[in-house]
Amino acid sequence: MRRWALVVLTLLLCLLVSSVAAFQIVEFCPDTYTKNEPDEYLVLAGAGPLADLVISDSVGSLRFPSGAVLDSSAVIARNGTAYRQTFGVSPDFEMYDSSPAIRDMVRKGDLRLGNEHDQVVLTDHGTVVQTITWPGDVDPKQGQVHIYADGAWDRRMLLIGQSRLPPATFQNVTLTAFVSPDSSAGVFYDAVNGARRSIDLNVYELTDPAIGAALIAAAGRGVSVRVLLEGGPVGGISPAEKGVVRSLQEHQIPVMLLGGVSGVHARYRYDHAKYLVIDDSAVLVTSENFKPGGFPEEGTSGNRGWGALVHDPRVAAYFAGVFSLDWTGVDIAPAPTGQGGAGEEASGTFQVRSPATTFSDTTVTPVLAPDTSSLITDLIAGATRSVRIEQAYIKNTSAGTLNPFLEAAIADARRGVSVQVILDSAWFNVDDLKDNDEMVAYINQVAVAEHLPLEARLADLTAQDLVKIHNKGVIVDDRRVLVSSINWNTVSPNENREAGLIIDSSEVGAYYAAVFATDWDARSGSSEGKAGRTGFDPLKGGIAAVVLVVIALAVRRRRA
């Protein structure tokens with residue numbers, strides 16, 4: 001009899017534990033962009049009756065209305081009307097009555113989610129089942145939505161209105177690999193000129209009148225063309241872009257600006273993506289803006305960049321979904337009409353060395369910032385033999401914290417993986433005391449000090465007849481290739497809208513590795529060219545050495 005009593009007691013305890021663990025706060029936003037945060041909210045997940053749940057902080061508490069039952073999750077907002085204005089949908093419950101259509105919580109005191117510090121406690125049947133403290137469990141930031149997933153808070157920084165697209169991988173994909181300035185224009189114009197139904201284009205800057213003319217010609221033959229641009233690029237919208245936009249508008253092509261609405265907080269710091277979707281069957285993704293330097297006429301000099309035209313309706317549909325999300329929103333506005341100026345033109349001669357090549361049976365994984373930019377860290381960390389990196393620049397997170405992508409690459413070298421890094425040597429990337437030449441010096445200093453298979457170089461632009469390195473590419477084990485718009489700084493992977501691809505194919509890897517090898521080995525032979533390659537300035541180098549030793553020591557202390 002006592003054994004049966006013990007069994008019953010155990011079952012009751014299991015049921016109680018199950019009940020206690022059934023509910024959890026999985027999302028909240030305490031510091032929104034609106035004054036006094038009437039649209040602040042939290043999300044409760046679980047299943048079952050809500051009668052015995054209490055959400056509280058130090059000055060107030062909330063209970064659910066009588067008879068409330070949760071199927072999966074529910075949004076509890078401070079003010080339902082304000083929440084709808086911000087997020088476009090109504091919450092399930094509200095703390096203060098603003099609409100008869102939204103159920104009211106039973107309120108005691110005044111529970112407010114503090115912007116900089118607070119603590120929220122969830123109890124069930126009088127037992128504390130969850131406590132969230134900030135700072136601590138999360139680090140608060142205005143506009144940030146805190147999310148609990150896979151046993152941790154905030155694996156990615158999510159700001160209000162940003163998309164939450166999960167990773168997706170597509171197999172048996174056919175694509176055309178190309179590089180700028182060698183073959184980018186030919187691939188781009190063939191794709192645009194071959195469009196029959198639709199072109200959706202999203203790019204940070206559009207200043208090339210030839211690209212504008214191709215889009216106008218497509219619209220003239222009945223193709224639906226939509227153009228989405230960044231509303232506030234660094235330095236403002238240029239006269240050249242205004243001129244191209246005016247031409248598009250004169251031919252009834254809608255041009256919208258992301259972040260172009262006065263008084264409305266943009267979802268992304270910058271819309272820095274560079275892609276276009278064609279006929280819902282192909283998508284072109286590149287590191288280059290739609291400027292003459294990114295798509296120069298064949299034989300004309302330009303930027304070093306990488307791109308891929310993916311011939312696959314599944315991948316096209318994925319990017320069409322991204323475009324649709326970004327095309328709609330409270331921060332989208334038509335580009336203003338204006339006179340503008342003359343478009344930009346490319347100059348200088350260039351000998352084509354890397355023609356575009358089509359490959360089949362590849363595996364493609366889209367990479368979006370900020371949604372899935374962590375895939376880049378995973379890509380680099382998964383290297384077993386080699387990592388080849390070609391970037392416009394690399395910026396550390398702070399004085400004592402390395403760029404996480406670079407940190408992953410150095411960790412590879414410490415495991416014996418060969419790591420090579422090429423950075424741009426144009427004057428604007430080597431003129432300050434903390435830019436590319438100092439970064440190259442730091443990387444090489446680490447390599448020498450630790451005897452690592454690691455080396456960094458500044459590109460010899462003279463030898464390659466290049467304007468600049470604008471690439472954001474990575475090759476891992478000569479088979480997995482990152483083609484993207486994502487710069488190696490703090491903002492780009494975490495707060496911008498960016499787009500890229502990870503391509504898994506030994507043949508595609510060999511294609512880009514050959515381009516990389518050409519850039520790596522290029523030497524003009526002149527003293528100017530050598531300086532451009534090494535970027536060494538004795539005075540700057542001495543100062544940089546001191547600064548970088550301090551950085552290295554700080555990083556080691558942090559790891560310890």
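Colleague: What should I know before I start?
Modeller: This is a predicted model: local features need pLDDT of at least 70, side-chain atom pairs count only at pLDDT 80 or more, and totals for chains, interfaces and linings use all residues. Residues are numbered from 1 along each chain as its sequence is written, and side-chain values use heavy atoms, with hydrogens and water left out.

Colleague: What is the mean pLDDT of the chain?
Modeller: The mean is 90, and 90% of the residues reach 70 or more. pLDDT is the predictor's confidence in each residue, from 0 to 100.

Colleague: Where does pLDDT stay under 50?
Modeller: Residues 1-21 are one such stretch. The model has five contacts for them beyond four places in sequence. Contact means heavy atoms within 4.5 Å. Over residues 526-560 the pLDDT is also below 50. That stretch has 50 contacts in the model beyond near neighbours in sequence.

Colleague: How many bridges join β4 to β11?
Modeller: Four, and the two strands run antiparallel. β11 is residues 118-124. Two strands pair if DSSP finds at least two bridges between them. β4 also pairs with β5, residues 60-63, in the antiparallel sense over three bridges. A hairpin of three residues joins β4 to β5.

Colleague: What stands opposite S56 in β11?
Modeller: V121. In β5, the bridge partner of S56 is S61.

Colleague: On to R314. Where does that one lie?
Modeller: In helix α6, residues 313-327. R314 is partly exposed, at 38% relative accessible area.

Colleague: What is R314 in contact with, beyond its neighbours within four places in sequence?
Modeller: F170, Q171, N172 and V173. R314 and F170 are 144 residues apart along the chain, yet their C-alpha atoms are separated by 7.5 Å. The R314 side chain also reaches the backbone oxygen of Q171 at 2.6 Å.

Colleague: Which residue forms a salt bridge with R314?
Modeller: D312, with the closest N and O atoms 2.7 Å apart. A salt bridge is a side-chain nitrogen of Lys or Arg within 4 Å of a carboxyl oxygen of Asp or Glu. D312 counts as buried, at 5% relative accessibility.

Colleague: Why would such side chains pair at all?
Modeller: Side chains of opposite charge can pair when their charged atoms come close.

Colleague: How many salt bridges does the structure hold?
Modeller: It holds 20. One of them joins R388 and D478, at 2.8 Å from N to O. R388 lies in strand β25 (386-391) and D478 in the loop between β28 (472-476) and β29 (480-484), so the pair ties together parts 90 residues apart in sequence.

Colleague: Is R388 buried or exposed?
Modeller: R388 is buried, at 19%. D478 counts as partly exposed, at 26%.

Colleague: And what about E250: which residue is its salt-bridge partner?
Modeller: R246, with the closest N and O atoms 3.7 Å apart. Both lie in helix α5 (residues 239-250), four residues apart, about one turn of the helix. R246 is partly exposed, at 25%.

Colleague: Which residues are linked in a network of salt bridges?
Modeller: R156, D326, D371 and R497.

Terms used. Buried < 20%, exposed > 50% of the residue type's maximum accessible area, 1.4 Å probe, protein only. Polar contact = N/O pair within 3.5 Å; in protein donor to acceptor, adjacent residues only side chain to side chain.
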